[in-house]
Amino acid sequence: MKYLLSLLLVPSQVLSAALHPGHPIAPGPDGKYTLKAEGIEAKFIAYSAAITNLVVNDRNGVPRDIILGYDNASLYPVDPNHPDYGAVPGRYTNRIANHTYVVDGERFFTEANDGNGTLHSGLNGWSRRTWNVSELTTNSITFTIRDEGDSSEGFPGLVLGSVTHTIEAGSWTTKLKAEAKTHDTPIMLTTHPYWNLDAFQNPATDLILNHTLSLPYGKRMIGIDGTTQSTGALPSVPKGSVNDFWSKPKQIGASMSDPAWVGNCGSEYGCSGYNNQWIVDRDVLDVTASKPIATLSSDFSGIKWDLYSDQAGVVIYSCYWMGGK
Ligand SMILES: *[C@@H]1O[C@H](CO)[C@@H](O)[C@H](O)[C@H]1NC(C)=O
Ligand SMILES: *[C@@H]1O[C@H](CO)[C@@H](O)[C@H](O)[C@H]1NC(C)=O
Ligand SMILES: *[C@@H]1O[C@H](CO)[C@@H](O)[C@H](O)[C@H]1NC(C)=O
Ligand SMILES: *[C@@H]1O[C@H](CO)[C@@H](O)[C@H](O)[C@H]1NC(C)=O
Ligand SMILES: *[C@@H]1O[C@H](CO)[C@@H](O)[C@H](O)[C@H]1NC(C)=O
(Lines give C-alpha, C1' and ligand atoms only; values in the text may rest on other atoms or scores of the structure.)
(Ligands and ions follow the chains in the order given, each with its own letter.)
Protein backbone atom coordinates (compact mmCIF):
# COMPACT_ATOMS: atom_id res chain seq x y z
CA MET A 1 0.00 0.00 0.00
CA LYS A 2 1.62 3.14 -1.23
CA TYR A 3 0.06 5.22 1.50
CA LEU A 4 1.99 3.34 4.15
CA LEU A 5 5.36 3.62 2.50
CA SER A 6 7.66 5.91 4.34
CA LEU A 7 11.08 6.03 2.77
CA LEU A 8 13.49 8.13 4.73
CA LEU A 9 16.80 8.92 3.14
CA VAL A 10 19.43 10.34 5.42
CA PRO A 11 23.13 11.02 4.98
CA SER A 12 25.54 8.21 5.71
CA GLN A 13 26.77 8.04 9.23
CA VAL A 14 29.52 6.24 11.01
CA LEU A 15 28.09 3.45 13.11
CA SER A 16 30.47 2.60 15.90
CA ALA A 17 30.31 -0.96 17.14
CA ALA A 18 30.14 -0.50 20.86
CA LEU A 19 30.72 1.98 23.61
CA HIS A 20 34.24 2.33 24.79
CA PRO A 21 34.93 0.56 28.08
CA GLY A 22 34.41 2.65 31.17
CA HIS A 23 31.66 4.74 29.62
CA PRO A 24 29.95 6.56 32.48
CA ILE A 25 26.58 5.00 31.72
CA ALA A 26 26.32 1.25 31.33
CA PRO A 27 23.30 -1.02 31.49
CA GLY A 28 22.19 -1.77 35.05
CA PRO A 29 21.84 -5.22 36.64
CA ASP A 30 18.47 -5.50 34.86
CA GLY A 31 20.21 -5.05 31.48
CA LYS A 32 18.59 -1.65 30.89
CA TYR A 33 20.00 1.79 30.12
CA THR A 34 18.47 4.49 32.32
CA LEU A 35 17.96 8.04 31.06
CA LYS A 36 16.77 10.89 33.23
CA ALA A 37 15.51 14.43 33.03
CA GLU A 38 13.53 16.59 35.41
CA GLY A 39 10.48 14.67 36.63
CA ILE A 40 10.94 11.81 34.18
CA GLU A 41 12.96 8.61 33.95
CA ALA A 42 13.03 6.06 31.15
CA LYS A 43 14.78 2.77 30.48
CA PHE A 44 15.82 1.22 27.17
CA ILE A 45 17.33 -2.03 25.93
CA ALA A 46 19.37 -2.92 22.85
CA TYR A 47 17.09 -5.84 22.01
CA SER A 48 14.56 -4.30 19.59
CA ALA A 49 15.78 -0.78 20.55
CA ALA A 50 12.89 -0.82 23.00
CA ILE A 51 11.67 1.47 25.72
CA THR A 52 10.97 -0.68 28.78
CA ASN A 53 9.91 1.82 31.45
CA LEU A 54 8.66 5.39 31.50
CA VAL A 55 8.21 6.90 34.94
CA VAL A 56 6.42 10.22 35.45
CA ASN A 57 4.62 11.77 38.41
CA ASP A 58 0.86 11.48 38.70
CA ARG A 59 -1.38 14.33 39.87
CA ASN A 60 -0.34 13.63 43.49
CA GLY A 61 3.37 13.61 42.74
CA VAL A 62 3.58 9.80 42.95
CA PRO A 63 5.98 8.30 40.36
CA ARG A 64 4.16 5.94 37.98
CA ASP A 65 5.67 3.60 35.39
CA ILE A 66 3.18 4.00 32.56
CA ILE A 67 4.70 1.69 29.91
CA LEU A 68 4.36 -2.08 29.96
CA GLY A 69 7.54 -4.13 29.96
CA TYR A 70 9.53 -6.85 31.66
CA ASP A 71 11.62 -6.26 34.77
CA ASN A 72 14.71 -7.77 33.15
CA ALA A 73 16.05 -7.24 29.62
CA SER A 74 16.75 -10.96 29.36
CA LEU A 75 13.02 -11.74 29.26
CA TYR A 76 12.28 -9.84 26.04
CA PRO A 77 13.75 -12.29 23.51
CA VAL A 78 12.35 -15.41 25.18
CA ASP A 79 8.63 -14.59 25.42
CA PRO A 80 7.10 -16.96 22.84
CA ASN A 81 4.21 -14.56 22.23
CA HIS A 82 6.66 -11.77 21.43
CA PRO A 83 4.32 -8.80 21.92
CA ASP A 84 6.97 -6.32 20.74
CA TYR A 85 6.74 -4.45 24.02
CA GLY A 86 8.08 -0.94 23.42
CA ALA A 87 9.99 -2.15 20.35
CA VAL A 88 10.95 -0.64 17.01
CA PRO A 89 9.67 -3.11 14.41
CA GLY A 90 11.21 -2.90 10.95
CA ARG A 91 12.24 -2.59 8.28
CA TYR A 92 8.52 -2.55 7.54
CA THR A 93 6.24 -2.32 10.54
CA ASN A 94 2.59 -3.40 10.61
CA ARG A 95 1.01 -5.59 7.93
CA ILE A 96 1.56 -6.50 4.28
CA ALA A 97 -1.53 -8.21 2.85
CA ASN A 98 -1.02 -11.58 1.14
CA HIS A 99 2.72 -11.31 2.02
CA THR A 100 3.47 -9.63 -1.30
CA TYR A 101 4.23 -6.18 -2.71
CA VAL A 102 5.61 -4.58 -5.86
CA VAL A 103 8.51 -2.10 -5.99
CA ASP A 104 9.81 -0.68 -9.29
CA GLY A 105 7.69 -3.18 -11.22
CA GLU A 106 9.18 -6.16 -9.42
CA ARG A 107 7.04 -8.41 -7.20
CA PHE A 108 8.45 -9.59 -3.89
CA PHE A 109 7.11 -12.25 -1.55
CA THR A 110 7.64 -11.82 2.18
CA GLU A 111 7.19 -14.26 5.06
CA ALA A 112 3.56 -15.13 5.89
CA ASN A 113 3.69 -14.92 9.68
CA ASP A 114 0.23 -13.42 10.28
CA GLY A 115 -2.35 -15.59 8.54
CA ASN A 116 -1.63 -15.01 4.87
CA GLY A 117 0.00 -11.68 5.61
CA THR A 118 3.31 -10.39 6.91
CA LEU A 119 3.48 -8.64 10.26
CA HIS A 120 6.51 -6.55 11.31
CA SER A 121 8.58 -7.98 8.40
CA GLY A 122 8.34 -11.58 9.62
CA LEU A 123 10.11 -13.52 12.34
CA ASN A 124 13.53 -11.92 11.82
CA GLY A 125 12.41 -8.29 11.83
CA TRP A 126 14.17 -5.47 13.64
CA SER A 127 12.15 -6.03 16.81
CA ARG A 128 13.72 -9.50 17.10
CA ARG A 129 17.34 -8.37 16.87
CA THR A 130 19.84 -6.90 19.28
CA TRP A 131 20.88 -3.49 18.02
CA ASN A 132 24.22 -1.78 18.60
CA VAL A 133 24.48 1.15 20.98
CA SER A 134 26.38 3.90 19.18
CA GLU A 135 25.85 6.92 21.43
CA LEU A 136 24.84 7.46 25.01
CA THR A 137 24.43 10.58 27.14
CA THR A 138 22.58 11.11 30.41
CA ASN A 139 19.37 11.82 28.50
CA SER A 140 19.68 10.17 25.08
CA ILE A 141 20.62 6.86 23.54
CA THR A 142 21.15 5.90 19.90
CA PHE A 143 20.72 2.35 18.66
CA THR A 144 21.85 1.30 15.19
CA ILE A 145 21.09 -1.68 13.01
CA ARG A 146 22.71 -3.04 9.87
CA ASP A 147 19.97 -4.90 8.02
CA GLU A 148 21.42 -6.92 5.16
CA GLY A 149 19.27 -7.55 2.09
CA ASP A 150 16.97 -10.57 2.46
CA SER A 151 17.80 -11.10 6.12
CA SER A 152 14.04 -10.77 6.35
CA GLU A 153 12.49 -12.77 3.52
CA GLY A 154 11.56 -10.65 0.51
CA PHE A 155 13.18 -7.36 1.56
CA PRO A 156 16.04 -6.59 -0.85
CA GLY A 157 19.09 -4.44 -0.28
CA LEU A 158 21.13 -3.24 2.67
CA VAL A 159 19.41 -0.81 5.05
CA LEU A 160 21.18 1.10 7.80
CA GLY A 161 18.80 2.12 10.54
CA SER A 162 19.11 4.19 13.69
CA VAL A 163 16.86 5.15 16.54
CA THR A 164 17.59 7.95 18.96
CA HIS A 165 15.52 8.15 22.13
CA THR A 166 15.76 11.42 24.06
CA ILE A 167 14.29 12.25 27.45
CA GLU A 168 13.57 15.83 28.47
CA ALA A 169 11.33 17.32 31.17
CA GLY A 170 7.90 15.86 30.47
CA SER A 171 8.80 14.29 27.15
CA TRP A 172 10.17 11.25 25.38
CA THR A 173 11.23 11.87 21.78
CA THR A 174 12.14 9.22 19.23
CA LYS A 175 13.90 9.92 15.96
CA LEU A 176 13.76 7.03 13.49
CA LYS A 177 16.07 6.97 10.48
CA ALA A 178 16.72 4.43 7.76
CA GLU A 179 18.85 4.56 4.67
CA ALA A 180 18.38 2.13 1.79
CA LYS A 181 21.94 1.68 0.48
CA THR A 182 21.66 -0.63 -2.51
CA HIS A 183 18.03 -1.22 -3.54
CA ASP A 184 14.64 0.46 -3.25
CA THR A 185 12.73 -1.26 -0.47
CA PRO A 186 9.66 -0.63 1.65
CA ILE A 187 10.52 1.04 4.94
CA MET A 188 8.12 1.98 7.69
CA LEU A 189 9.18 2.43 11.28
CA THR A 190 7.41 3.15 14.53
CA THR A 191 7.62 2.73 18.26
CA HIS A 192 5.37 0.07 19.77
CA PRO A 193 4.70 0.95 23.43
CA TYR A 194 1.79 -0.37 25.48
CA TRP A 195 0.40 2.23 27.85
CA ASN A 196 -1.36 2.01 31.18
CA LEU A 197 -1.48 5.58 32.47
CA ASP A 198 -2.60 4.23 35.87
CA ALA A 199 0.51 2.00 36.03
CA PHE A 200 -1.84 -0.86 37.08
CA GLN A 201 -2.35 0.94 40.40
CA ASN A 202 -6.02 1.83 39.92
CA PRO A 203 -7.85 -0.32 42.49
CA ALA A 204 -11.02 -0.23 40.36
CA THR A 205 -9.48 -1.70 37.20
CA ASP A 206 -6.30 -3.08 35.63
CA LEU A 207 -7.64 -2.24 32.17
CA ILE A 208 -7.38 0.83 29.95
CA LEU A 209 -11.04 0.85 28.92
CA ASN A 210 -11.55 3.99 31.01
CA HIS A 211 -8.66 5.85 29.45
CA THR A 212 -9.81 8.70 27.21
CA LEU A 213 -8.50 8.80 23.65
CA SER A 214 -8.59 11.55 21.08
CA LEU A 215 -7.54 11.13 17.40
CA PRO A 216 -8.35 14.60 16.05
CA TYR A 217 -7.21 13.80 12.50
CA GLY A 218 -8.59 10.24 12.41
CA LYS A 219 -11.40 10.64 9.91
CA ARG A 220 -10.29 7.77 7.67
CA MET A 221 -8.81 4.36 8.30
CA ILE A 222 -6.90 1.60 6.55
CA GLY A 223 -9.62 -0.85 5.52
CA ILE A 224 -9.12 -4.42 6.72
CA ASP A 225 -10.63 -7.80 5.93
CA GLY A 226 -11.70 -10.41 8.50
CA THR A 227 -8.10 -11.47 9.03
CA THR A 228 -6.87 -7.91 9.70
CA GLN A 229 -5.12 -7.69 6.31
CA SER A 230 -5.43 -4.37 4.50
CA THR A 231 -7.80 -4.39 1.54
CA GLY A 232 -6.64 -1.17 -0.11
CA ALA A 233 -9.84 0.65 0.88
CA LEU A 234 -9.60 3.82 2.97
CA PRO A 235 -13.03 3.98 4.64
CA SER A 236 -14.15 7.15 6.37
CA VAL A 237 -15.00 7.07 10.06
CA PRO A 238 -18.59 8.17 10.69
CA LYS A 239 -19.25 10.43 13.65
CA GLY A 240 -20.53 8.42 16.58
CA SER A 241 -19.26 5.09 15.22
CA VAL A 242 -17.09 2.62 17.15
CA ASN A 243 -13.96 4.02 15.52
CA ASP A 244 -14.83 7.68 16.02
CA PHE A 245 -12.26 9.37 18.23
CA TRP A 246 -12.11 12.50 16.02
CA SER A 247 -15.44 14.22 16.72
CA LYS A 248 -14.65 14.32 20.43
CA PRO A 249 -12.44 12.48 22.93
CA LYS A 250 -13.93 9.18 24.02
CA GLN A 251 -13.18 6.45 26.54
CA ILE A 252 -11.60 3.43 24.85
CA GLY A 253 -14.34 1.15 26.17
CA ALA A 254 -17.20 3.56 25.47
CA SER A 255 -18.41 1.67 22.38
CA MET A 256 -18.25 -1.83 23.89
CA SER A 257 -22.02 -2.26 23.70
CA ASP A 258 -22.12 -1.23 20.02
CA PRO A 259 -22.58 -4.41 17.91
CA ALA A 260 -19.81 -3.15 15.62
CA TRP A 261 -17.32 -3.47 18.50
CA VAL A 262 -17.38 -7.26 17.96
CA GLY A 263 -14.97 -8.18 15.18
CA ASN A 264 -13.91 -4.55 14.65
CA CYS A 265 -10.24 -5.58 14.48
CA GLY A 266 -10.70 -8.85 12.54
CA SER A 267 -14.03 -10.68 12.46
CA GLU A 268 -12.60 -14.04 11.33
CA TYR A 269 -10.11 -13.91 14.18
CA GLY A 270 -12.85 -12.82 16.60
CA CYS A 271 -10.88 -9.69 17.45
CA SER A 272 -13.10 -7.19 19.24
CA GLY A 273 -12.16 -3.62 20.05
CA TYR A 274 -9.17 -2.03 18.39
CA ASN A 275 -6.19 -3.24 16.39
CA ASN A 276 -6.61 -0.74 13.59
CA GLN A 277 -4.81 2.01 11.79
CA TRP A 278 -6.17 5.51 11.46
CA ILE A 279 -4.96 7.87 8.76
CA VAL A 280 -3.66 11.19 10.04
CA ASP A 281 -5.50 13.48 7.63
CA ARG A 282 -3.95 16.90 7.92
CA ASP A 283 -2.36 19.51 5.76
CA VAL A 284 1.26 20.49 5.94
CA LEU A 285 0.55 23.51 8.13
CA ASP A 286 -0.80 21.23 10.83
CA VAL A 287 2.35 19.12 10.64
CA THR A 288 4.58 22.15 11.11
CA ALA A 289 2.35 23.51 13.88
CA SER A 290 2.94 20.22 15.69
CA LYS A 291 -0.47 19.63 17.12
CA PRO A 292 -0.81 16.20 18.74
CA ILE A 293 -2.15 13.46 16.46
CA ALA A 294 -3.34 11.48 19.48
CA THR A 295 -3.99 12.20 23.13
CA LEU A 296 -4.52 9.61 25.82
CA SER A 297 -5.43 10.49 29.39
CA SER A 298 -6.61 8.91 32.60
CA ASP A 299 -8.79 10.57 35.21
CA PHE A 300 -7.47 8.25 37.92
CA SER A 301 -3.80 9.25 37.65
CA GLY A 302 -4.30 12.61 36.00
CA ILE A 303 -1.60 11.65 33.52
CA LYS A 304 -2.04 12.81 29.93
CA TRP A 305 0.05 11.71 26.97
CA ASP A 306 0.17 13.76 23.75
CA LEU A 307 1.59 12.04 20.67
CA TYR A 308 3.29 14.24 18.08
CA SER A 309 4.45 12.70 14.81
CA ASP A 310 5.20 13.66 11.22
CA GLN A 311 3.85 10.31 10.01
CA ALA A 312 0.61 9.63 8.15
CA GLY A 313 -0.87 6.91 10.33
CA VAL A 314 -1.37 5.79 13.92
CA VAL A 315 -2.29 2.32 15.17
CA ILE A 316 -4.36 1.76 18.29
CA TYR A 317 -4.40 -1.70 19.83
CA SER A 318 -6.64 -2.36 22.84
CA CYS A 319 -4.96 -5.67 23.64
CA TYR A 320 -7.74 -8.10 22.80
CA TRP A 321 -5.29 -11.01 22.65
CA MET A 322 -3.55 -10.24 25.91
CA GLY A 323 -4.59 -12.44 28.82
CA GLY A 324 -3.01 -10.19 31.44
CA LYS A 325 -0.51 -12.90 32.48
C1 LIG B 1 18.63 -10.26 34.70
O2 LIG B 1 18.78 -11.45 33.95
C3 LIG B 1 20.15 -11.85 33.82
C4 LIG B 1 20.19 -13.03 32.86
O5 LIG B 1 19.31 -14.04 33.29
C6 LIG B 1 20.72 -12.16 35.19
O7 LIG B 1 22.10 -12.49 35.08
C8 LIG B 1 20.59 -10.94 36.08
O9 LIG B 1 21.00 -11.25 37.40
C10 LIG B 1 19.16 -10.44 36.12
N11 LIG B 1 19.14 -9.18 36.85
C12 LIG B 1 18.24 -8.91 37.78
C13 LIG B 1 18.36 -7.57 38.42
O14 LIG B 1 17.35 -9.69 38.10
C1 LIG C 1 -2.19 -15.68 0.00
O2 LIG C 1 -1.14 -14.96 -0.64
C3 LIG C 1 -0.73 -15.58 -1.85
C4 LIG C 1 0.54 -14.87 -2.29
O5 LIG C 1 0.31 -13.50 -2.53
C6 LIG C 1 -1.88 -15.51 -2.85
O7 LIG C 1 -1.47 -16.13 -4.05
C8 LIG C 1 -3.07 -16.24 -2.29
O9 LIG C 1 -4.17 -16.08 -3.14
C10 LIG C 1 -3.42 -15.71 -0.89
N11 LIG C 1 -4.45 -16.58 -0.31
C12 LIG C 1 -5.54 -16.07 0.26
C13 LIG C 1 -6.45 -17.09 0.85
O14 LIG C 1 -5.81 -14.90 0.29
C1 LIG D 1 26.83 -4.27 15.29
O2 LIG D 1 28.14 -3.90 14.90
C3 LIG D 1 28.93 -5.00 14.43
C4 LIG D 1 30.33 -4.49 14.19
O5 LIG D 1 30.32 -3.42 13.28
C6 LIG D 1 28.30 -5.56 13.16
O7 LIG D 1 29.02 -6.68 12.73
C8 LIG D 1 26.87 -6.00 13.49
O9 LIG D 1 26.22 -6.41 12.29
C10 LIG D 1 26.09 -4.86 14.10
N11 LIG D 1 24.79 -5.36 14.55
C12 LIG D 1 23.65 -4.82 14.13
C13 LIG D 1 22.40 -5.40 14.71
O14 LIG D 1 23.61 -3.92 13.33
C1 LIG E 1 -15.43 3.74 33.62
O2 LIG E 1 -16.20 4.76 33.02
C3 LIG E 1 -17.58 4.48 33.04
C4 LIG E 1 -18.30 5.54 32.21
O5 LIG E 1 -17.79 6.81 32.47
C6 LIG E 1 -18.05 4.46 34.48
O7 LIG E 1 -19.43 4.14 34.55
C8 LIG E 1 -17.26 3.39 35.22
O9 LIG E 1 -17.59 3.42 36.59
C10 LIG E 1 -15.76 3.61 35.07
N11 LIG E 1 -15.07 2.47 35.64
C12 LIG E 1 -13.96 2.57 36.33
C13 LIG E 1 -13.36 1.31 36.80
O14 LIG E 1 -13.45 3.64 36.58
C1 LIG F 1 -5.29 -11.36 -1.30
O2 LIG F 1 -5.54 -12.50 -2.09
C3 LIG F 1 -6.91 -12.79 -2.17
C4 LIG F 1 -7.04 -14.12 -2.90
O5 LIG F 1 -6.31 -14.10 -4.11
C6 LIG F 1 -7.63 -11.65 -2.91
O7 LIG F 1 -9.00 -11.91 -2.96
C8 LIG F 1 -7.39 -10.38 -2.14
O9 LIG F 1 -7.92 -9.29 -2.84
C10 LIG F 1 -5.91 -10.14 -1.94
N11 LIG F 1 -5.72 -8.97 -1.10
C12 LIG F 1 -5.07 -7.89 -1.52
C13 LIG F 1 -4.99 -6.73 -0.57
O14 LIG F 1 -4.57 -7.81 -2.62
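Lys36 stands opposite Glu41 in S2. This is a predicted model, where local features need pLDDT of at least 70, side-chain atom pairs count only at pLDDT 80 or more, and totals for chains, interfaces and linings use all residues. Residues are numbered from 1 along each chain as written, ligands from 1 in written order, and side-chain values use heavy atoms, without hydrogens and water.

Student: How many bridges join strand S1 to strand S2?
Tutor: Strands here are DSSP runs (E, at least two residues), numbered from the N terminus. Two of them pair if DSSP finds at least two bridges between them. S1 covers residues 33-37 and S2 residues 40-44, running antiparallel, and the bridges joining them number five.

Student: Which residue in the hairpin of S1 and S2 takes a positive phi?
Tutor: The hairpin has two residues between its strands. The phi is near 70°, and the residue is Gly39.

Student: Which residue has a polar side-chain atom 2.5 Å from an oxygen atom of ligand 1?
Tutor: Pro29, Asn72 and Ser74 surround ligand 1, with a heavy atom within 4 Å counting as near. Ser74 places a polar side-chain atom 3.2 Å from an oxygen atom of the ligand. At 2.5 Å, the residue is Asn72.

Student: How much of the accessible area of ligand 2 does the protein cover?
Tutor: Around ligand 2 stand Asn98, His99, Thr100, Phe109 and Asn116. A polar side-chain atom of Asn116 lies 2.5 Å from an oxygen atom of ligand 2. Accessible areas come from the Shrake-Rupley method with a 1.4 Å probe. Of the 360 Å² that ligand 2 has on its own, the protein covers 41%.

Definitions and conventions:
A polar contact is a pair of N or O atoms within 3.5 Å; within protein, one must be able to donate a hydrogen and the other to accept it, and residues adjacent in sequence count only if both atoms are side-chain atoms. Helices (H or I, at least four residues) and strands (E, at least two) are DSSP runs, numbered from the N terminus.
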